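I opened this notebook page to record what I looked up in a single protein chain. The entries follow the order in which I worked.

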Amino acid sequence: MASNTHPDHLDPLELEILNRRNAFDLPPRTVCDALVDVFFKWISPVLPVVNNHDFMRKYNDPQNPPSILLLQAMLMVASRYYHDESSQGCGISPRICYKKVKALYDAGYESDSTAILQAVVLLGVFWDGPDGRETYALLSPENQSIWKRIWWTLYTRDRSVAAAFGRPLHINAEDCTVETLTGKDFIEYDEQTGIRQPTDDTAAQFFIQYVKLCQLMDLGLCLKLSSRSTQESRTRGAAQCELGLNEWLTDCPFELQWRQSRHGFWPAMLCSTFYTIVCQLHLLKAPYSSQESQSSAFHAASTVISILETLQSRDELKYTPSFIICHAVVSFVTLKCQMEATVPSLLHAIRLKLEANLDMLGALAPTWPIASMFVELFRSMTGPEQFSPLLSVATDNCRKRARGEEDGGTVPSRSTGPFKRPKVQQVILPQTKVVLQILQREAQRRLPLSSSLQNASHQESERKHLGANFDNKHSTPSDEVEPEPENYDASTILQSLRQVIEIAKSTSLHFQDGNVS
């Protein structure tokens, strides 16, 4: 049933290890037959990954047996449903079979890619609950705390890996009922004496706050990685994340709030994570992000780089966790997206920040070799050949603005429709004709109450003389339409302007006389 020959690519030591682990040992033929029957009768309909006819032909052919890796995997799955007291001494249990399959797989024993894929699928079915069938509720308080810490460690790793590589999240927080961490979960006791041991409160609070930041990542990451997300849902999720970041920053303990003047390693890690999320929110809204969002993202990316430089100056950068690579990459991408700036000084500032970012990635390479790959990639994106054209365009636009020209050398077109008087009073100067109303309104506003009737009468005569439809204080200027500029006579308008100026002067003198009296 199993071949006595082994593949040539394994050396004698690896074969000896597999023999010591009993990887090639099979149950008696009758037991194997029963397990294979169980597999094709009860398991194969749900997991149709093995061709029944081809497998049975090889299974019954001693000269051409099936893959030992696949056979052990089939026995592993079927053994959970095989209950025969007479075979208890044959070593038939899912756990024992799993160890054999795993040993063969790890050693690379099988060379047939189809058999390897079939075995991997069957390995995914294996599940062996906690030893002794322990449940969380029956654990001691100390073990409950360590289990909670293990769970939240896996949760944060899932989030950091998804953020770094753009991979889907594996843990759905809505399906989990694990309690949040507290300071009590980090208290340790001596197993023999029961005496409480000293606890690093800073490290404990760091991880608690780090978990909260990773929970905020869900709002951005789930939308970013979902193929069904829309720009509206992304904007809404980004706003919710912004609120969460505000609450986190408000509630974060003072000793974990990073400042360059009072630097601390773990506060620096938290602050770097915080501002990386800010950058991710900006990238989530791009290319529809506002000017305010762009400014916030530039500040966040600059802060991340400052943290990296501070860590490097204190010889602590080499001790940073792997997620620091994600922080550096996100800050680089955020700054690179703003390389279209039209202000030369801002463009130079972005270039300097990008160079500093690359220097920090280079310093991280000895600890995290993947950083060297990013350095090589990013340098090809920010060289002089990319920067010089952008700087040239920004400088030309700046010169045009200095000469009072519009960007691009075009003059914005003027609307040809009827002019509607705006709600805000303003002076309108259409080419050679002047329609001026502010001075008269301002003069009317300043008149003393005692002369209001006289002013109203004077205004009425002016209306008749000008033939214009001036507003009174009960009119709705936003609903009125001015006559076309072509209907005005230039000499009449200039004469009216002189009279309005005289009215303003007389009103000012009258107002001064009233103040003196």
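**Entry 1, the chain.** I noted at the outset that this is a predicted model. I looked up the secondary structure and found 18 helices and 0 strands in the protein chain. I then checked burial: of the 517 residues in the protein chain, 37% are buried. I also looked up contacts with a separation of 6 or more, and 70% of them join residues 24 or more positions apart.

I compared the length of helix 11 (residues 291–313) with expectation. Its 23 residues, at 1.5 Å each, should span 33 Å, and the end C-alpha atoms are 33 Å apart, so the two values agree. Just after helix 11, I found Asp-315 with a positive phi of about 60 degrees.

For helix 12 (residues 323–336) and helix 13 (residues 344–364), the axes come within 10 Å and cross at roughly 160 degrees. An angle over 145 degrees counts as roughly antiparallel, and helix 12 and helix 13 are therefore roughly antiparallel to each other. I recorded the crossing of helix 12 past helix 13 as left-handed.

Which residues of helix 12 meet helix 13? I listed Ile-324, Ile-325, Ala-328, Ser-331, Phe-332, Leu-335 and Lys-336 on helix 12. Their partners in helix 13 are Ile-350, Lys-353, Leu-354, Asn-357, Leu-358, Leu-361 and Leu-364. I sorted the residues of this contact into 10 nonpolar, 2 polar and 2 charged.

Definitions and conventions
Residues numbered from 1 in each chain as written. Predicted model: local features only at pLDDT ≥ 70, side-chain atom pairs only at ≥ 80, totals over all residues. Heavy atoms only, no water. Axes fitted to C-alpha atoms, helices over the stretch in contact; angles between N-to-C directions. Helix = DSSP H or I, 4+ residues; strand = E, 2+ residues; numbered from the N terminus. Parallel < 35°, antiparallel > 145°, perpendicular 65-115°, else oblique. Left-handed = near helix turned anticlockwise from the far one by under 90°. Contact = heavy atoms within 4.5 Å. Nonpolar A, V, L, I, M, F, W, Y, C, P; charged D, E, K, R; others polar. Expected span 1.5 Å × (residues − 1). Buried < 20%, exposed > 50% of the residue type's maximum accessible area, 1.4 Å probe, protein only.
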